[in-house]
Amino acid sequence: MEAKELDVFIQGVIAYFKEVLGEDPEIGTPYLQNTQDKSHLYDYTGIIGLSGSYRGAIYITCEQGILLDIVERFLGIKNPEAQHLRDMAGELANTIAGNVSRVFGNAFHISVPIIMNGTPNYLALPIEIPAYVIPISVRGKKAALVVGMRKNE
Amino acid sequence: MKLLIVDDSLIMRQAIERFLAPLGLEVVGKADNGKRAIELFRETMPDVVTLDITMPELDGLGVLKEILKIKPDVRVLVVTAITEKSTALEALKLGAKRFLNKPFNEESLKSALEQVLK
């Protein structure tokens with residue numbers, strides 16, 4: 001995966017939070033994922049599979065507080081049910097993956113999201129492709145976007 | 001006017017209903033997948049539909065083709081995270097009135113729907 005491709009996702013994350021929460025997130029230095037390291041995994045995770053011109057997957061994993069802020073923005077409620085937070089994790093992953101399709105073209109296909117509730121002990125992308133972790137901080141709350149994809153020959 | 005909201009995200013269905021409430025539309029149904037959308041469309045015969053693209057069972061373009069066969073004058077606003085141009089062009093070619101990218105806010109959604117209703 002090239003640095004310019006990773007940058008597309010970084011710009012997508014920045015644009016999302018700027019639009020929805022009205023502020024730029026802080027983006028940490030991306031690093032290669034070590035599947036034994038779970039320090040970047042948080043409370044809710046939305047996973048999107050990629051197919052077509054690329055194969056692989058992306059996931060966004062968030063502390064609950066980030067999802068509470070986004071849900072409040074959309075629904076105007078401060079104490080949503082757990083199903084709202086799960087759903088928001090999936091929708092966040094779907095939106096970031098869908099938004100980058102303008103760069104990767106019409107054969108960049110995204111799946112519906114798979115959602116995990118609770119910090120996983122281990123989360124590897126389903127195929128043997130190097131994945132990069134993009135650390136994110138919004139209003140002091142942490143998240144990470146993990147991208148592992150390869151262009152099909 | 002009767003509105004059908006189609007999106008596989010619970011939050012998005014509720015947000016669309018909340019943001020569009022000031023327009024005074026009657027929400028006659030909310031569907032979380034393409035197949036259910038067509039069932040609800042037949043039951044309620046809405047005047048306007050907000051339609052997601054990436055959904056289980058049947059995607060939004062498949063839904064669009066079916067509902068336009070049932071009611072050719074239905075007004076459809078496609079609301080999707082997909083920003084790739086050919087998807088938008090295909091939706092418009094099929095008969096959608098307008099295409100709005102996620103993430104939306106209250107003003108952008110209301111403005112897009114008002115354009116669809118003109």
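This is a predicted model: local features need pLDDT of at least 70, side-chain atom pairs count only at pLDDT 80 or more; totals for chains, interfaces and linings use all residues.
A residue counts as buried if 20 or more other C-beta atoms lie within 10 Å of its own, exposed if 12 or fewer, and partly exposed in between.

**Entry 1: Tyr132(A)**

I started with Tyr132(A), which sits in strand β7 of chain A. The cut-off for buried is 20 or more.

Next I looked up what Tyr132(A) touches, leaving out residues up to four places away in sequence. My list reads Met1(A), Leu6(A), Pro30(A), Tyr31(A), Leu32(A), Gln33(A) and Val147(A). I also checked Ile58(A), which is 74 residues away from Tyr132(A) along the chain. The C-alpha atoms of that pair are separated by 9.4 Å.

**Entry 2: the partners of β7(A)**

I stayed with β7(A), residues 132-138, and went through its pairings. Strand β1 of chain A, residues 26-27, runs antiparallel to β7(A) and is joined to it by 2 bridges. Glu26(A) has Ser137(A) as its bridge partner there. Strand β2 of chain A, residues 31-32, also pairs with β7(A) in the antiparallel sense, again over 2 bridges. For Tyr31(A), the bridge partner in β7(A) is Val133(A).

How many bridges link β7(A) with β8(A)? I get 7, antiparallel, with β8(A) covering residues 141-151. Within that pairing, Ile134(A) stands opposite Leu145(A).

β7(A) and β8(A) make a hairpin with 2 residues between them. Arg139(A) is in that turn, with a positive phi of about 50°, and it is not a glycine. I flagged it because most residues other than glycine have a negative phi.

Glu57(B), another residue that is not glycine, has a positive phi near 75°. I place Glu57(B) in the loop between β3 (48-51) and α3 (60-70) of chain B. Glu57(B) has 16 C-beta neighbours inside 10 Å and therefore counts as partly exposed.

Pro103(B) lies in the loop between β5 (98-101) and α5 (106-117) of chain B.

**Entry 3: helix α2(A)**

Does the span of α2(A) agree or disagree with its residue count? At 1.5 Å a residue, its 12 residues should span 16 Å, and the end C-alpha atoms are 16 Å apart, so the two agree. I then listed buried residues in α2(A): Ile66(A), Leu67(A), Ile70(A), Val71(A) and Phe74(A). They cover an arc of only 130° around the axis, which means they are on the same side of α2(A). Just after α2(A), Gly76(A) takes a positive phi of about 75°.

**Entry 4: the two chains overall**

For chain A I count 4 helices and 8 strands, in the order α-β-β-β-β-α-α-α-β-β-β-β. A compact globule of 153 residues would have a radius of gyration near 15 Å; chain A has 14 Å, so that agrees. Its C-alpha atoms fill a box of roughly 45 × 35 × 25 Å along the principal axes. Buried residues make up 41% of chain A.

For chain B I have 5 helices and 5 strands, in the pattern β-α-β-α-β-α-β-α-β-α. The box for chain B is roughly 30 × 30 × 30 Å, and 48% of its residues count as buried.

**Entry 5: where A meets B**

The contact takes 24 residues from chain A and 22 residues from chain B. On the chain A side, the elements giving two or more residues are α1, α2, α3, α4 and β5. Which of them gives the largest share? That is α3(A), with 10 residues. By type, the chain A side divides into 9 nonpolar, 11 polar and 4 charged residues.

Definitions and conventions. Residues are numbered from 1 along each chain as its sequence is written. Chains are lettered from A and ligands numbered from 1 in the order in which they are written. Two residues are in contact if their C-beta atoms, placed from the backbone, lie within 7 Å. Ala, Val, Leu, Ile, Met, Phe, Trp, Tyr, Cys and Pro count as nonpolar, Asp, Glu, Lys and Arg as charged, and the others, Gly among them, as polar. Two strands pair if DSSP finds at least two bridges between them. The expected span of a helix is 1.5 Å times one less than its number of residues. The arc is that of the directions from the helix axis to the C-beta atoms. The radius of gyration is taken over C-alpha atoms; the globule rule is 2.2 Å times the number of residues to the power 0.38.
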